[in-house]
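I am opening a notebook on a structure that I have not looked at before. I will look things up one at a time and write down what I find.

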Amino acid sequence: MATNTLTDLYLEKLKDLYSAEQQILKALPKMVKSATHGDLQNAFETHRRQTETHVQRLDQIFEELGKSPAGKTCHGMKGIIEEGAELIKEEPEAGVLDAGLIAGAQGVEHYEMAGYGSARTWAEQLGLEEAAGLLQETYEEEKETDEKLTQLAKQKVNAEAQASERENGNTERGMAHAGGSVRGGRNGHGKK
């Protein structure tokens with residue numbers, strides 16, 4: 001389909017989001033199973049149920065447009081999910097795995113927030129107020145999930161990942177010997 005109008009762009013974004021949500025629904029059970037922290041498992045399970053609602057909202061929007069959600073693969077989400085699957089296959093320490101799963105899940109949330117925010121704005125511009133409201137609801141839920149993941153990482157999971165590092169003797173000094181300075185040095189981009 002040629003994307004020549006704002007309506008075309010809006011429809012393509014909705015299809016992209018629909019594909020993304022379908023991929024997330026398939027990935028979340030594996031994330032629940034792989035997570036070792038109970039609170040993280042619960043967060044992923046809660047988001048799985050929310051994602052089902054997000055798909056229902058998109059179905060409603062497509063029905064009102066008289067269009068099908070099929071026909072597009074969200075390659076951005078596919079890549080984000082593949083990165084998470086690679087981490088799981090590496091089988092890192094439990095705390096490190098959970099910290100990585102949170103980072104990957106936040107990549108998912110940020111992708112979705114960008115997509116839902118754009119689609120909502122276009123729906124408003126096109127006078128599709130009911131769709132804009134549904135898209136805003138989903139945007140808010142994605143944002144809330146991102147915030148909960150940040151809290152979980154800061155309050156529990158990252159500290160547990162760091163503790164496993166200390167137990168294995170991997171300290172800041174070890175990182176500096178590996179070629180990078182933890183504080184005050186240059187990062188991989190040549191910047192301070």
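Predicted model: local features only at pLDDT ≥ 70, side-chain atom pairs only at ≥ 80, totals over all residues.

Entry on Ala99. Is Ala99 buried or exposed? Its relative accessible area is 18%, and because buried means under 20%, Ala99 counts as buried. I then looked up what Ala99 touches, leaving aside residues up to four places away in sequence, and the list reads Val157, Asn158 and Ala161. For Ala161 I also looked up the spacing: the C-alpha atoms of Ala99 and Ala161 are separated by 6.7 Å, while the two residues are 62 apart along the chain.

Entry on the whole chain. I stepped back to ask how many helices and strands the protein chain has, and the count came to 6 helices and 0 strands. Read from the N terminus on, the elements run α-α-α-α-α-α. The protein chain has 192 residues, and 38% of them are buried. I looked next at contacts in the chain between residues at least 6 apart in sequence, and of these 77% join residues at least 24 apart. The accessible surface comes to about 11,000 Å², and carbon and sulfur atoms account for 48% of that surface.

Entry on helix pairs. Two packed helices are described by the angle between their axes and the distance between the axes, so I looked up both values for each pair below.

I took H1 and H4 to start with. Helix H1 covers residues 6–34 and helix H4 covers residues 94–125, and the two pack at an angle of about 160° with their axes 10 Å apart. An angle over 145 degrees counts as roughly antiparallel, and H1 and H4 are therefore roughly antiparallel to each other. The crossing of H1 and H4 is left-handed. Sorted by class, the residues in the contact of H1 with H4 are 16 nonpolar, 3 polar and 5 charged.

I turned to H2 and H4 next. Helix H2 (residues 38–65) packs with H4 at an angle of about 20°, and their axes are 12 Å apart. Angles under 35 degrees count as roughly parallel, and H2 and H4 are therefore roughly parallel to each other. This crossing, of H2 and H4, is also recorded as left-handed. On the H2 side I found Leu40, Phe44, His47, His54 and Leu58 making the contact, and on the H4 side Asp98, Leu101, Ile102, Ala105, Glu109, Glu112 and Tyr116. By class, this contact of H2 with H4 has 7 nonpolar, 2 polar and 3 charged residues.

H1 packs with helix H5 (residues 129–167) at an angle of about 40°, with the axes 14 Å apart, which makes H1 oblique to H5. The crossing of H1 and H5 is left-handed. Which residues meet here? Tyr10, Leu14 and Glu21 in H1 meet Ala131, Leu135, Thr138 and Glu142 in H5. By class, the contact of H1 with H5 has 4 nonpolar, 1 polar and 2 charged residues.

Entry on Arg57. I went back to helix H2, where Arg57 has its place. Arg57 is buried, with a relative accessible area of 10%. Not counting residues up to four places away in sequence, Arg57 touches Leu134, Glu137, Thr138 and Glu141.

Entry on two loop residues. Leu128 lies in the loop between H4 and H5, and with a relative accessible area of 29% it is partly exposed. Setting aside residues up to four places away in sequence, I found Leu128 touching Tyr10, Leu65 and Ala123. I also looked up Leu128 against Ile61: the two are 67 residues apart along the chain, and their C-alpha atoms are separated by 9.6 Å.

Glu91 lies in the loop between helix H3 (75–90) and H4. Most residues other than glycine have a negative phi. Glu91 has a positive phi of about 50° although it is not a glycine. Glu91 is exposed, with a relative accessible area of 68%.

Technical notes: Residues numbered from 1 in each chain as written. Heavy atoms only, no water. Helix = DSSP H or I, 4+ residues; strand = E, 2+ residues; numbered from the N terminus. Buried < 20%, exposed > 50% of the residue type's maximum accessible area, 1.4 Å probe, protein only. Contact = heavy atoms within 4.5 Å. Areas by Shrake-Rupley, 256 points an atom, 1.4 Å probe, with all protein chains shown as cover. Axes fitted to C-alpha atoms, helices over the stretch in contact; angles between N-to-C directions. Parallel < 35°, antiparallel > 145°, perpendicular 65-115°, else oblique. Left-handed = near helix turned anticlockwise from the far one by under 90°. Nonpolar A, V, L, I, M, F, W, Y, C, P; charged D, E, K, R; others polar.
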